[in-house]
Amino acid sequence: MDFRDRQITYFETFEDREAAFNRYVAHLIPVKTAGPGRFWQEFRRIADQGLNNPPTRGLVYILANPRDGLVYGTPFQVLAAARMVAGLASPGDTAAIGRLAAEFGLRDQLHLPIRTLSGGETVKLALARAKAGVAGSSALVIASPFCWLSRWNAPLLDNALAAFHERGLATHLLALSGEDETRDIMPLGGGEQWKRGPAFNLEFAAARIHLGLALDAVDGPPAYAAISDGRLKLHSPCLVTGDNGQGKTLVAKALSGAVAVKGRAAVAEGPARLLFQNVITQTLLRSPAALRHAARDACGSAALERVLAALMDAFQRHGGDPDRIRPRSAGDSLLVSKLYMVAARLCGRLALLILDEPDWGLSRREAAAFVYAVTEVAHSHGAALMLVSHKPWWQTWAASSMAVAKHSGRLRESDAGVDLPRFTIALQPGGTGGPAAGDRP
């Protein structure tokens with residue numbers, strides 16, 4: 001399927017795109033950016049009206065966070081359930097599900113707990129699930145696929161869309177403005193000013209990250225991922241590249257303490273903090289106002305206001321719309337939540353700030369202004385900045401780069417009981433971070 005055949009509707013803001021997506025699914029998704037009161041109010045409304053709402057029958061959908069639509073324990077169960085809803089005679093057909101899994105690069109993950117899958121693997125599973133249910137569907141709607149799908153895995157999206165087109169079914173891609181653009185983003189003031197950031201060193205020694213929950217160990221040794229040993233000297237701003245599912249986010253979480261690590265995974269110069277890709281998960285349903293109050297309690301009012309003022313000024317100077325960050329007009333926007341969470345991190349003693357896929361939930365214009373503003377303010381505070389992204393937007397921005405590639409650690413029959421990693425993440429300064437050999441879909 002040719003890229004130009006995709007029918008895409010563009011929106012300027014996350015909130016407008018979410019509202020449009022919600023109309024497709026009969027308003028069955030509570031608002032998550034306006035605080036817990038609003039969330040539970042809408043949740044009760046949805047529960048009261050029931051889940052058998054006719055407008056959603058036969059509709060296949062993928063949310064802006066694809067993991068949110070995966071409600072079963074393993075990829076096999078997800079695909080079998082999709083086939084059952086589609087009315088297929090043998091929904092649990094092992095051979096058919098195996099072929100579909102292989103088609104979407106999930107052959108080795110088919111029976112793993114979904115909670116152990118990487119973000120890239122859940123993206124592939126969401127697309128495979130859509131194709132699995134095409135026989136009983138009426139249409140397909142997807143929110144911002146180009147925010148969560150790398151250019152190397154774009155053919156998987158075309159694969160799913162083609163299955164619907166072959167049946168004459170409508171497909172709706174709801175995207176933020178510019179999110180499917182492939183050109184590098186050029187800073188308004190030129191690129192050289194970003195080469196002045198601090199140097200920093202990453203240290204990895206016998207680093208192991210537990211995958212899943214402690215309960216998973218009941219059936220055998222707990223699964224873990226390993227990071228290859230080494231010390232990498234990098235300069236801020238640093239771009240971390242790699243395909244979906246290669247371990248970029250896992251490395252970022254290890255460096256920032258967001259996951260438990262045995263061994264050493266650290267920034268030599270001091271602590272690191274992380275802003276998640278799906279920042280809504282990190283807000284814990286708090287509104288922007290609540291985030292600001294929490295940051296003020298942690299940082300002190302004067303310190304926080306200085307950082308916020310610098311961020312908002314830089315955001316406007318780098319092309320951001322000032323109306324989007326003014327308190328009265330911004331309301332409960334995802335953009336403002338991101339700015340408040342960055343400000344809270346920069347107020348403290350910090351060696352490295354990591355932004356994971358920062359364009360998530362932002363248009364291209366806003367993503368550019370946000371990233372350049374955070375870079376400027378982080379450097380002014382003596383903090384290095386690392387950006388984790390599969391987007392081909394940031395090459396001019398970066399003073400250094402690090403490619404991430406996952407290498408499988410499959411167990412053989414003779415390895416039963418041997419404590420081997422499920423996979424190892426290799427890190428290499430420079431490079432483009434495409435799929436590792438043997439890991440292509």
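Reply: A residue is called buried when its relative accessible area is under 20%, exposed when that area is over 50%, and partly exposed in between. The model under discussion is predicted.

Me: How many residues does the chain have, and what percentage of them count as buried?
Reply: The chain contains 14 helices and 14 strands. Among contacts between residues at least 6 apart in sequence, 79% join residues at least 24 apart. Of the 441 residues of the chain, the part that counts as buried is 54%.

Me: Which residues of helix α4 are buried?
Reply: Helix α4 covers residues 94-103. Its buried residues are A96, I97, L100 and A101. They lie on the same side of α4, because they cover an arc of only 135 degrees around the axis. The names asked for are therefore those on this one side: A96, I97, L100 and A101.

Me: Which exposed residues does the face of α4 turned away from its buried side carry?
Reply: The buried side of α4 includes I97 and L100. On the face turned away from that side, the exposed residues are T94 and R99.

Me: Against which helices do the buried residues of α4 pack?
Reply: The residues concerned are A96, I97, L100 and A101. Their packing partners are α3 (75-85) and α5 (119-132).

Me: Which backbone nitrogen does a side-chain oxygen of D93 reach at the start of α4?
Reply: The contact is made at the start of α4 by a side-chain oxygen of D93. It reaches to within 3.0 Å of the backbone nitrogen of A95.

Me: Which residues line the largest cavity?
Reply: A search of the whole structure finds 1 cavity of 30 Å³ or more, and the largest cavity has a volume of about 30 Å³. Both β2 (59-62) and α5 supply at least two residues of its lining. The lining divides into 6 nonpolar, 1 polar and 1 charged residue. The lining residues are Y61, I62, L63, P66, G69, L70, A126 and R129.

Me: Is A26 buried or exposed?
Reply: A26 lies in the loop between α1 (14-24) and α2 (36-49). Phi of A26 is near 60 degrees, a positive value in a residue other than glycine. Because its relative accessibility is 12%, A26 counts as buried.

Me: How does H27 count in terms of accessibility: buried, partly exposed or exposed?
Reply: The place of H27 is in the loop between α1 and α2. H27 has a positive phi, near 55 degrees, and is a residue other than glycine. Because its relative accessibility is 40%, H27 counts as partly exposed.

Me: What kind of peptide bond joins S236 and P237?
Reply: P237 is found in the loop between β7 (230-235) and β8 (238-241). Omega of the bond joining S236 and P237 is about 0 degrees. The bond is cis.

Me: What distance separates the C-alpha atoms of G348 and P271?
Reply: G348 has its place in the loop between α13 (334-347) and β11. With a relative accessible area of 39%, G348 is partly exposed. G348 and P271 are 77 residues apart along the chain, and their C-alpha atoms are separated by 9.8 Å.

Notes
Residues numbered from 1 in each chain as written. Predicted model: local features only at pLDDT ≥ 70, side-chain atom pairs only at ≥ 80, totals over all residues. Heavy atoms only, no water. Buried < 20%, exposed > 50% of the residue type's maximum accessible area, 1.4 Å probe, protein only. Helix = DSSP H or I, 4+ residues; strand = E, 2+ residues; numbered from the N terminus. Arc of directions from axis to C-beta. Contact = heavy atoms within 4.5 Å. Polar contact = N/O pair within 3.5 Å; in protein donor to acceptor, adjacent residues only side chain to side chain. 1 Å grid on protein atoms, 1.4 Å probe; cavity = no way out; pocket = protein on both sides within 12 Å on 5 of 7 lines; lining within 4 Å. Points joined across faces, edges and corners; volume = space filled by probe spheres on them. Nonpolar A, V, L, I, M, F, W, Y, C, P; charged D, E, K, R; others polar.
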